[in-house]
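Student: I would like to learn how to read aromatic contacts in a model. Please take me through them.

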Amino acid sequence: MSARFGGRTADRLRVVGPPVAAAAVALALLSGWTAVGGAGRQRPVEAGPGWVLLPTTGGATATAAFFTLRNPGDIPDELTGARWEFGGRVTLKRHRHQGAAGRWEPVAALPVPGRGELVMSPEDADLMIVDPPALRAGQWVEFTLSFRNSPDLRLKAEVVPPGGRRTG
């Protein structure tokens, strides 16, 4: 009976041994990769200058600012807030498409995907500025953007007239 038992154990080890060994090797390699920072690396969000839409004459009560935010890290981040040098309210906003129509709505955060971008535009997402002061085309204004995982980012944006900004 012991010979039969020993034979079954050897057969079982021959069947399950290779997958268990492969899993152990994979776990060891992934643990090592993570330990040296190769997996799930967080890196701060980056951006270049942005632009602010010059309010039209006639007492505009709001305008918008736009930036392209790049996340070079593996871990997604979120833009959670914004301030600008003039104070007042700056709201994160996204266009919600509803068939051929749509509407704007404030959001708590705008996603910046890992190894990706958030490209703000008049058709998608922006920073809505309520009651802006008098601005002039060509003026540069400063913003501070806040993120869930990245440190605050200070950026400048150029004031441009309607139709005066290329996309992207």
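Student: Over which ring does the charged end of Lys93 sit?

Tutor: A charge sits over a ring if NZ of Lys or CZ of Arg is within 6 Å of the ring centre and within 35 degrees of the ring normal. Here the charged end of Lys93 lies over the ring of Trp104, 4.3 Å from its centre. This is a predicted model, where local features need pLDDT of at least 70, side-chain atom pairs count only at pLDDT 80 or more, and totals for chains, interfaces and linings use all residues. Residues are numbered from 1 along each chain as its sequence is written, and side-chain values use heavy atoms, with hydrogens and water left out.

Student: How many aromatic pairs are there?

Tutor: Rings of Phe, Tyr and Trp (its six-membered ring) pair if their centres lie within 6.5 Å; planes under 30 degrees apart count as stacked, over 60 as edge-to-face and the rest as tilted. The count by this rule is four aromatic pairs. One of them, Trp51 with Phe66, is stacked, at 4.2 Å centre to centre and 25° between the planes.

Student: Are Trp51 and Phe66 buried or exposed?

Tutor: Buried means under 20% relative accessible area, exposed over 50%, partly exposed in between (1.4 Å probe, protein chains only). Trp51 is buried at 9%, and Phe66 is buried at 3%.

Student: Which type of pair do Phe67 and Phe143 form?

Tutor: Phe67 and Phe143 are edge-to-face, 5.4 Å centre to centre with 75° between the planes. Both Phe67 and Phe143 are buried. Ring pairs also join Phe67, Trp84, Phe86 and Phe143 into a cluster.
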